[in-house]
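Subject: Structure for you to look at

Dear colleague,

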Amino acid sequence: MMGLVRTMAKSAGPKLAVAVLLGGGALVALHFLDRPAAQDTAPPKSERPAAPPAPRPVTPQERRSDQPMAVDPRALIVKRVLEIDGPFRHGDYVWNEDGAPATGPVIVTVDLKAETLSVFRDGYEIGAAVILYGATDKPSPLGAFPITQKDADHVSNLYGAPMPYALRLTSDGVFIHGSDVQYGKATHGCIGVPKEFARKLFGVTKMGDIVVITDGKMLDVSKAQRG
């Protein structure tokens, strides 16, 4: 009996081996077929809502010298003026932000008759300087104009002269910029201020801030503090 079994096993050996290999291959194939795909096993990623795009800065509309804008009188209310001791001569300026709000709307006023410029933040005067202004044949414009360009290293494309810390006011080339402010000098319509003052003014202003140029008309400072 045992001999018969051995004979059958011997004669069936190759077939049995093939069957075992095929069976093993099928098991391996089933193993891979039953395994979930890699991407299915990964936990779903939490989807964060896309951040809204940052708002684009609004570029103020450029104006010619003969196109001043209207200004809300409430924006011109003065709460404090700086105390200036002694005469204010060409080349002089003061800058003092102590006690003034760190933030708030900035407005610059220029009085051609008094030859002075003042900087107000939220109604508090933080700077003042003696200025140069336009000669008779190139007068500085009157009215209110927004700052439409800032260029710390500007050079005049008409005269080739450096105009450090330039703030453009009009489309026809009127700026506030750093100058050698000396008695008897004039500009081609721009407002010239001492260079160090121009640097400070450049630092506190932004595009769209308003510059009001008058010829003797002063803001009401009757209720303003002094200091």
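Predicted model: local features only at pLDDT ≥ 70, side-chain atom pairs only at ≥ 80, totals over all residues.

Residues are numbered from 1 along each chain as its sequence is written, and side-chain values use heavy atoms, with hydrogens and water left out.

Of its 227 residues, 33% count as buried, where buried means under 20% relative accessible area, exposed means over 50% and partly exposed lies in between, with a 1.4 Å probe and protein chains only. The chain exposes about 14,800 Å², of which carbon and sulfur atoms supply 58%; accessible areas come from the Shrake-Rupley method with a 1.4 Å probe, and for residues only the protein chains shown count as cover. Among contacts (heavy atoms within 4.5 Å) between residues at least 6 apart in sequence, 67% join residues at least 24 apart.

Strand E3 covers residues 106–111, and because six of its six residues are buried, E3 is largely enclosed by the rest of the structure. Val106, Val108 and Val110 point one way from E3, whereas Ile107, Thr109 and Asp111 point the other way. In a regular strand the side chains alternate between the two faces of the sheet. Strands count as paired if DSSP finds at least two bridges between them. By that rule E3 pairs with E4 (residues 116–121) in the antiparallel sense over six bridges, and with E11 (residues 210–214) in parallel over five bridges. Val110 has Leu117 as its bridge partner in E4 and stands opposite Ile213 in E11. Four residues separate E3 from E4 in their hairpin, and in the turn Glu115 has a positive phi of about 55 degrees.

The largest nonpolar core has 27 residues, and those with the most contacts inside it are Val110, Leu117, Val119 and Ile176; such a core is a set of buried Ala, Val, Leu, Ile, Met, Phe, Trp, Tyr and Cys residues joined through side-chain atoms within 4.5 Å. The largest share of this core, five residues, comes from helix H3. Ile176 touches, among others, Val108, Leu117, Tyr165 and Leu201.

Three aromatic pairs are found in the whole structure, a pair being rings of Phe, Tyr and Trp (its six-membered ring) with centres within 6.5 Å, and with planes under 30 degrees apart counted as stacked, over 60 as edge-to-face and the rest as tilted. Tyr165 and Phe202 form an edge-to-face pair, at 5.8 Å centre to centre and 65 degrees between the planes. Since Tyr165 lies in strand E8 and Phe202 in H3, the pair ties together parts that are 37 residues apart in sequence. Tyr165 counts as partly exposed at 22% relative accessibility, while Phe202 is buried at 17%.

Finally, His154 lies in strand E7 (residues 149–155) and counts as buried at 13% relative accessibility.

With best wishes

Notes. Helix = DSSP H or I, 4+ residues; strand = E, 2+ residues; numbered from the N terminus. Lists of a residue's contacts leave out its neighbours within four places in sequence.
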